[in-house]
Amino acid sequence: MPQLGESVDEGTISAWHKKPGDLIAVDDILLEIETDKVATEVPSLVAGVLKDILVAEGDIAKVGTILCVIETADQSSSSTSAPPPQKGKMVADASSPSPEKDSDVNPISLSGTRKKPTRAPKNAPDGTPLSPAVRRLIAHHDLDPAAIPGTGRQGRIQRSDVLTYLDKKDVRQPATIARPTAVSTNDKERVPFSSLRRKIAQNMLASKQQSAHVLQAVEVDFSAVERVRTFMKDAWRAETGTSLTYLPFIARAVCLSLPNFPDLNAERDGDSLLRHKHIHMAFAIDLDHKGLVAPVLKNAENLKVPALARGIVSLSQKARNGQLLPDDMSGAGYTLTNNGSFGTLFTAPIINQPQVAILSTDGIKKRPVVVEGPDGDEIAIRPMGILAQSFDHCVVDGSYSASFLNCVKEIIETRNWSADFL
């Protein structure tokens with residue numbers, strides 16, 4: 001079982017792409033592993049024949065657990081003149097830095113009872129290998145791999161790419177593909193949860209049980225931000241091809257505030273608080289209404305608004321293209337969730353465990369407000385928005401959280417934001 005992130009010590013075997021007796025080539029996708037942070041495909045490091053499966057689909061395995069036994073060609077050819085090796089010698093420890101040198105067996109598991117793939121090319125036209133699952137789908141639907149955009153590493157075509165291509169072509173998937181299927185009963189329809197949705201549900205319920213959630217919010221005048229956005233938006237779009245949103249400005253204000261409130265850039269560990277020395281900020285990203293992930297922008301305290309904007313866009317693209325790596329999902333001490341992109345007024349977010357606070361940025365709209373003018377109070381039209389923070393009352397109190405929120409508010413309203421673009 002590989003290490004899938006610095007804070008990840010176990011994973012669930014969610015899908016298998018091989019079964020005992022199958023031939024395996026180097027880089028064939030053996031299995032899919034899900035953790036509470038990310039789902040990833042695991043390729044084979046060696047070529048050979050799968051001899052034994054040690055962990056079943058759906059089971060949870062700790063890092064370093066032996067998952068399967070693969071017999072290589074060298075081992076097979078020497079077996080007629082030498083006694084068969086003991087199972088303990090065949091299986092390499094996953095913590096070994098070089099399993100190919102220490103053993104002829106790949107320490108990664110695979111399994112499954114799916115049908116053998118029909119004839120299909122082993123490689124895409126650009127030479128990148130196709131996994132067995134991808135080859136089965138391509139062969140079943142008689143597809144041209146050259147027509148399918150790949151979103152995997154180095155443009156590799158993943159199973160999700162084929163399914164997306166089929167959806168766009170409005171082609172019905174065969175029953176052998178493990179996708180949620182709607183089942184109608186009279187006037188109701190049962191739709192099974194996806195594995196991602198099940199994992200989100202588990203994490204959210206666990207967070208509510210582990211933390212004493214308290215919500216606080218402040219109203220913020222974004223006029224200072226809006227002036228810079230209006231001035232920079234055309235040049236920014238011409239340079240990057242993206243919109244300059246409010247989110248990187250808010251993230252910058254949070255980064256400038258957190259050093260003064262270290263108990264919020266932290267994680268709860270039993271009866272202790274682990275303060276983070278750097279600001280590794282997570283951003284909740286919606287996957288086209290199919291679920292949420294929260295990839296992490298490391299060392300965000302060193303980034304000004306332009307770098308934060310590019311980093312957020314990069315994480316969003318990787319998340320929606322299925323290209324997030326385990327390291328992209330680990331190490332966060334604080335989380336931002338941008339519900340404002342959906343036009344919301346106010347959101348009470350759930351804390352991203354084991355963190356102690358999360359900030360929701362909701363819709364920013366022009367509204368009439370009372371401001372102090374040269375002749376006293378007057379009515380002005382200002383871009384106003386609400387920042388709502390959920391915090392763990394087991395760790396900090398309301399005065400601490402409120403002071404932080406007002407610090408963020410003051411920075412957003414009074415900072416010379418044009419200096420970030422110099």
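S257 has a relative accessibility of 0% in this predicted model, so the residue counts as buried, the cut-off being 20%. S257 belongs to helix 8. Leaving aside residues up to four places away in sequence, the contacts of S257 are with F404, C407, V408 and I411.

Helix 9 covers residues 305-320, and its 16 residues should span 22 Å at 1.5 Å a residue; the end C-alpha atoms sit 23 Å apart, which agrees. Quite a list of its residues is buried: V305, P306, L308, A309, G311, I312, L315, S316 and A319. After helix 9 comes G322, with a positive phi near 70°.

Buried residues here are K199, I200 and S207. Looking down the axis of helix 6, these buried residues fall within an arc of 100°, so they line one face of the helix. As background, an α-helix has 3.6 residues a turn, so residues three or four places apart point the same way. The buried residues of helix 6 pack against strand 10 (213-221) and strand 14. On the face of helix 6 turned away from the buried side sit L205 and Q209, both exposed.

Turning to the strands, an open sheet is built from four of them in the order 4-3-1-6, with antiparallel pairing. Strand 4 (39-43) and strand 6 (60-62) stand at the edges with a single partner strand each, so one side of each has no neighbour in the sheet. From one strand to the next, the twist averages 40°. The partner of strand 6 is strand 1 (residues 10-16), and the two pair in the antiparallel sense over three bridges. Within this pairing, T12 has I60 of strand 6 as its bridge partner.

Elsewhere in the chain, strand 11 (residues 266-269) and strand 12 (residues 272-275) pair in the antiparallel sense over four bridges.

D288 is not a glycine, yet its phi is positive, at about 55°. H289 is not a glycine either, and its phi is positive at about 65°. D288 lies in the loop between strand 13 and strand 14, and H289 is found in that loop too. With a relative accessible area of 54%, D288 is exposed; for H289 the figure is 68%, so this residue also counts as exposed. The peptide bond joining Q353 and P354 is cis, with omega about 5°. P354 is placed in the loop between strand 16 (334-337) and strand 17 (357-361).

As for the chain overall, its secondary structure comes to ten helices and 19 strands. Of its 422 residues, 45% count as buried. Among contacts between residues at least 6 apart in sequence, 61% join residues at least 24 apart.

Finally, a word on confidence. The mean pLDDT of the chain is 83, and 83% of the residues reach 70 or more. Over residues 78-118 the pLDDT stays under 50, and the model gives this stretch 92 contacts beyond four places in sequence. Residues 171-179 also have pLDDT below 50, with 15 contacts in the model beyond near neighbours in sequence.

Technical notes: Residues are numbered from 1 along each chain as its sequence is written. This is a predicted model: local features need pLDDT of at least 70, side-chain atom pairs count only at pLDDT 80 or more; totals for chains, interfaces and linings use all residues. Side-chain values use heavy atoms; hydrogens and water are left out. The expected span of a helix is 1.5 Å times one less than its number of residues. Buried means under 20% relative accessible area, exposed over 50%, partly exposed in between (1.4 Å probe, protein chains only). Two strands pair if DSSP finds at least two bridges between them. Axes are lines fitted to C-alpha atoms, for helices over the stretch in contact, and angles run from 0 to 180 degrees between N-to-C directions. pLDDT is the predictor's confidence in each residue, from 0 to 100. Contact means heavy atoms within 4.5 Å. The arc is that of the directions from the helix axis to the C-beta atoms.
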